[in-house]
Amino acid sequence: MHHANHFYGHAHVMASYAGLPGAPGIWGYLQHGWNILDGFAFGTAFVDGMPKFVWSDSVRRRGWSMGLRNYSVIGATWLYLLKVHPELATPAKDAAGTIFYPFHGWEGQHVLGDHGRIVASINEHEKGPVTVCLYWNEYDNPAIRQVYQQAGFRVITHGYRGLHWLGTDADFLLKQLREVRKHRRVASNRLSSAVLYGASLGLQPGVYGDPMLLENEHPSFGGQARIKRLWPEMNQPYVPLDQAREFTDTELGVEHLAGPAEIRELFRWTTLKAVS
């Protein structure tokens, strides 16, 4: 099945929730990040008749407006991770400061921008200790990593998301959950999955600073102008938590979670042997 289903260990999380070992192939396409279009990367080559498993009804409606069908709204994998790890339901006792996620690129597209300007923005808005979490390809670049280290920030990465079924860190999301639980605030220079994940746990979110550019970003997504036009309340240094939770619950699909047996049925895992 489609290799993107395994990004960030998503297939592993869903299998664990469904009571299955490993990461069996999912019959269909699984949304792997917050998306303002049809739920998937631009240009995804859908096979006719294959199901599309997405986080929210807003994604389903946009897909339908584009002529796509066979949607099932099941909520974000992040929410299933929280079910699998109830021991992380509360913040760490010594939780403090902010975890900041700079906008990142990937193997096929690099981010263009000035990380020094991001540091200046962080210093302007954050008062406590700061952890900067870089995506793997920025983390592996010493020049980028050192910009944040020299500013006195703790710099980490959650790991490698994987590509074409290779190198997937099955614990990527779990590492993210554990790190987020160590903080009281989550922020980024773009509204993103990481901001939603933190807000879903009650962290006070913020979105500020140079949003940077994604190399050859496709205009169908509308860019930052569209995001700010649609959700101005979510694009400010200190987003009111009640507004953030309302937005987050809708976009993550809190009301659409499926039970373990239903997931096994939807993903065609019913013939697989559960963990004893």
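Predicted model: local features only at pLDDT ≥ 70, side-chain atom pairs only at ≥ 80, totals over all residues.
Residues are numbered from 1 along each chain as its sequence is written, and side-chain values use heavy atoms, with hydrogens and water left out.

Q: How many salt bridges are there by the rule used here?
A: The rule asks for a side-chain nitrogen of Lys or Arg within 4 Å of a carboxyl oxygen of Asp or Glu. In general, side chains of opposite charge can pair when their charged atoms come close. Counting that way gives seven.

Q: Is aspartate 57 buried, partly exposed or exposed?
A: Buried means under 20% relative accessible area, exposed means over 50%, and partly exposed is in between (1.4 Å probe, protein chains only). Aspartate 57 has a relative accessible area of 25%, so the label is partly exposed.

Q: Which residue forms a salt bridge with arginine 117?
A: The closest N and O atoms of this pair are 3.6 Å apart. The bridge links distant parts of the chain, 93 residues apart: arginine 117 is in helix α4 (residues 115–125), and its partner is in the loop between β9 (204–207) and β10 (213–214). The name is aspartate 210.

Q: In which strand is arginine 154, the partner of glutamate 179?
A: The two side chains meet in a salt bridge of 2.8 Å, N to O. The pair links distant parts of the chain, 25 residues apart, with glutamate 179 in helix α7 (residues 172–180) and arginine 154 in strand β7 (residues 154–156). Glutamate 179 is buried at 11%, whereas arginine 154 is partly exposed at 36%. The strand is β7.

Q: How far apart in space are proline 91 and glutamate 179, C-alpha to C-alpha?
A: Proline 91 is in the loop between α3 (77–84) and β4 (98–101), and it is partly exposed at 38% relative accessible area. In sequence, proline 91 and glutamate 179 are 88 residues apart. In space, the C-alpha atoms are separated by 10.0 Å.

Q: Which residue has its backbone oxygen 2.8 Å from a polar atom of the side chain of arginine 190?
A: Arginine 190 is in the loop between β8 (185–188) and α8 (193–200). At 6% relative accessibility, arginine 190 counts as buried. The backbone oxygen belongs to proline 211.

Q: How many residues of α8 are buried?
A: The buried residues of α8 include Ser193, Val195, Leu196 and Tyr197. Just after α8, glycine 202 takes a positive phi of about 95°. The helix is largely enclosed by the rest of the structure, because the buried count is eight of the eight.

Q: What is the C-alpha to C-alpha distance between threonine 98 and lysine 127?
A: Threonine 98 lies in strand β4 and counts as buried at 4% relative accessibility. Threonine 98 and lysine 127 are 29 residues apart in sequence. Their distance in space is 8.7 Å.

Q: What is the phi of tyrosine 8 near?
A: Tyrosine 8 lies in the segment before α1 (10–17). Tyrosine 8 is buried, with a relative accessible area of 11%. Its phi is positive although the residue is other than glycine, and the value is near 60°.

Q: Where is arginine 268, which has a positive phi of about 60°?
A: Arginine 268 is not a glycine, yet its phi is positive. At 55% relative accessibility, arginine 268 counts as exposed. Its place is the segment after α11 (260–266).

Notes
Helix = DSSP H or I, 4+ residues; strand = E, 2+ residues; numbered from the N terminus. Polar contact = N/O pair within 3.5 Å; in protein donor to acceptor, adjacent residues only side chain to side chain.
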